[in-house]
Amino acid sequence: TFEGLFVQTPEYAEDYLRDPRAFLERTVKLPGSDPVDILERVREFLFVDRPKDFSDCIAWSRRLFESYFVNQIKQLLHNFPPDQTTSSGAPFWSGPKRCPHPVRFAPA
């Protein structure tokens, strides 16, 4: 996701701004749902989530933190609770799969 947020999407947006027509022609030729995904990412990057000032950057960062370190982890724990076992009865969260915990935001 780091690659998508901070490398791929900015590159797509830059390509779009440089030559919108060529970007669209290239993008619609991609397979499957890639064109829709890429165009949505560019739209969000340039128009929906575009910060107007530093305060907007902080708000975007805070929402991103909540999404990755709280909400997604809570969803994962809902689907695979800490006491989850495999079909063989072994703990699901064992070995390389360590049980995650939501992170509490501490602004200080």
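Which helices do the buried residues of α3 pack against? They pack against α1 and α2 (20–28). This tour shows you where to look. Keep in mind that the model is predicted.

**Stop 1: helix α3**

Select residues 34–48, which form helix α3. How far apart are its end C-alpha atoms? They are 20 Å apart. The helix has 15 residues, and at 1.5 Å a residue they should span 21 Å, so the two values agree.

Now colour P35, I38, V42 and L46, the buried residues of α3. They cover an arc of only 75° around the axis, so they sit on the same side of α3. An α-helix has 3.6 residues a turn, so residues three or four places apart point the same way.

**Stop 2: where α2 meets α3**

The crossing is right-handed. Which residues make the contact? From α2, select F23, L24, T27 and V28. From α3, select P35, I38, L39 and V42.

Zoom in on T27, in helix α2. Is T27 buried or exposed? T27 counts as buried, because its relative accessibility is 4% and the cut-off for buried is under 20%. Its side chain reaches the backbone oxygen of F23 at 2.7 Å. Leave out residues up to four places away in sequence, and T27 touches P35, I38 and L39.

**Stop 3: T9 in helix α1**

Move to helix α1, residues 2–18, and select T9. T9 is buried, with a relative accessible area of 7%. What lies 2.7 Å from a polar atom of the T9 side chain? The backbone oxygen of G4 does.

Next, show R41. The side chains of T9 and R41 are joined by a polar contact of 3.0 Å. Not counting residues up to four places away in sequence, T9 touches G4, R41 and F45.

**Stop 4**

Go on to α4, residues 54–79. Start with L64, which is in this helix. L64 is buried, at a relative accessible area of 18%. Set aside its neighbours within four places in sequence, and L64 is in contact with L5 and F6.

Is Y68 buried, exposed or partly exposed? Y68 counts as partly exposed, because its relative accessibility is 24%, and that class lies between under 20% and over 50%. Y68 touches T1, L5 and I73, again not counting residues up to four places away in sequence.

Now draw a distance line from Y68 to P102, C-alpha to C-alpha. The pair is 34 residues apart in sequence and 9.1 Å apart in space.

**Stop 5: D83, after the helix**

Finish at D83, in the segment after α4. Is D83 buried or exposed? D83 counts as exposed, because its relative accessibility is 64% and the cut-off for exposed is over 50%.

What separation do the C-alpha atoms of D83 and C99 have? They are separated by 9.4 Å, and the two residues are 16 residues apart along the chain.

Notes:
Residues numbered from 1 in each chain as written. Predicted model: local features only at pLDDT ≥ 70, side-chain atom pairs only at ≥ 80, totals over all residues. Heavy atoms only, no water. Helix = DSSP H or I, 4+ residues; strand = E, 2+ residues; numbered from the N terminus. Buried < 20%, exposed > 50% of the residue type's maximum accessible area, 1.4 Å probe, protein only. Polar contact = N/O pair within 3.5 Å; in protein donor to acceptor, adjacent residues only side chain to side chain. Contact = heavy atoms within 4.5 Å. Expected span 1.5 Å × (residues − 1). Arc of directions from axis to C-beta. Left-handed = near helix turned anticlockwise from the far one by under 90°.
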